[in-house]
Amino acid sequence: MRTIYSDAHQKHAGAMEFVNGQMVPMFEKPERMDMVLKRMTEVGFGDLHPPRSFGIEPMLKVHDEGYIDFLKNAYGRFREHGDPGDFASGFVFAMRGLRQAPNPNIYAQFGYYTFDLSVPFVEGTWQAIESSCDVALTAREQLAEGGERAVFAVCRPPGHHAGAALAGGYCYVNNAAVAAQAFRDDGAKRVAILDVDYHHGNGTQSIFYDRGDVLFVSLHGHPDQEYPYFAGYAEETGSGE
């Protein structure tokens with residue numbers, strides 16, 4: 001099986017997250033990819049191939065332009081704000097009943113475009129985000145045009161919690177959603193996404209919830225007990241088409 005991978009994910013490292021009442025090093029870190037690659041080597045999974053660059057245009061097919069601008073510039077705007085610290089993160093979030101629009105303040109943008117404290121930014125976060133999406137799109141291209149029956153896209157950061165204009169759960173750009181839309185743009189009549197992560201893919205579900213051309217199926221822990229808590233119930237079967 002052809003495998004697509006980029007070292008650029010390593011630039012997204014060194015941030016902290018707030019878990020169970022304490023600030024701890026992020027669980028989603030470069031070492032997770034090292035474990036994946038080590039096991040792939042042990043079982044002879046196949047050679048690694050680098051992605052090519054697609055830019056942000058494919059992202060904009062499923063993500064809001066203002067959101068992508070935020071992801072691209074969040075760390076720089078944090079530095080311009082002049083606050084100390086090694087990483088940037090939000091601490092106040094837009095809520096129902098309050099004004100739900102971002103202003104130029106970086107913390108207002110964090111509060112509008114993120115829904116939890118597990119999506120911090122360091123200097124190399126955007127490069128990792130863009131590269132991860134390139135990995136997914138290159139894998140899709142290999143399937144559509146390269147004659148491959150299956151391609152493994154080793155993406156980091158991951159993507160299934162990211163909505164059209166929301167980051168959370170370690171996810172910034174929804175790689176699977178971008179790839180699915182690229183399949184559709186390339187002429188595929190319908191596309192299926194099977195999400196087997198233990199946590200519900202709330203972002204992917206929200207992007208395609210009212211569309212009949214992309215089937216999203218998620219196998220996950222029950223939201224009464226597991227993150228993201230507010231989505232993933234059995235009655236969530238789509239709307240409209």
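Visitor: To begin with, how many helices and strands are there in the protein, and which residues form its largest nonpolar core?

Guide: This is a predicted model, in which local features need pLDDT of at least 70 and side-chain atom pairs count only at pLDDT 80 or more, while totals for chains, interfaces and linings use all residues. Residues are numbered from 1 along each chain as its sequence is written, and side-chain values use heavy atoms, with hydrogens and water left out.

The protein has 6 helices and 7 strands, where helices (H or I, at least four residues) and strands (E, at least two) are DSSP runs numbered from the N terminus. Along the sequence they follow the pattern β-β-β-α-β-α-α-α-β-α-β-α-β. Of the 241 residues, 43% are buried, a word that here means under 20% relative accessible area, found with a 1.4 Å probe and protein chains only.

Now to the interior itself. In soluble globular proteins, nonpolar side chains tend to be buried together. A nonpolar core is a set of buried Ala, Val, Leu, Ile, Met, Phe, Trp, Tyr and Cys residues joined through side-chain atoms within 4.5 Å. The largest such core in this model has 36 residues, and those with the most contacts inside it are Y67, F70, L71, F121 and V173. At least two residues of this core come from each of α2 (65-81), α3 (106-113), α4 (125-145), α5 (175-185), β6 (191-195), α6 (202-208) and β7 (214-218), and α2 gives the largest share, 7 residues.

Another core lies apart from the largest one and has 5 residues, among them Y5, M33, L37 and V154.

Finally, consider a charged residue, E141, which lies in helix α4. E141 counts as buried because its relative accessible area is 16%, and, again leaving aside neighbours within four places in sequence, E141 is in contact with R52, F54 and G146.

Note on methods:
Buried means under 20% relative accessible area, exposed over 50%, partly exposed in between (1.4 Å probe, protein chains only). Contact means heavy atoms within 4.5 Å.
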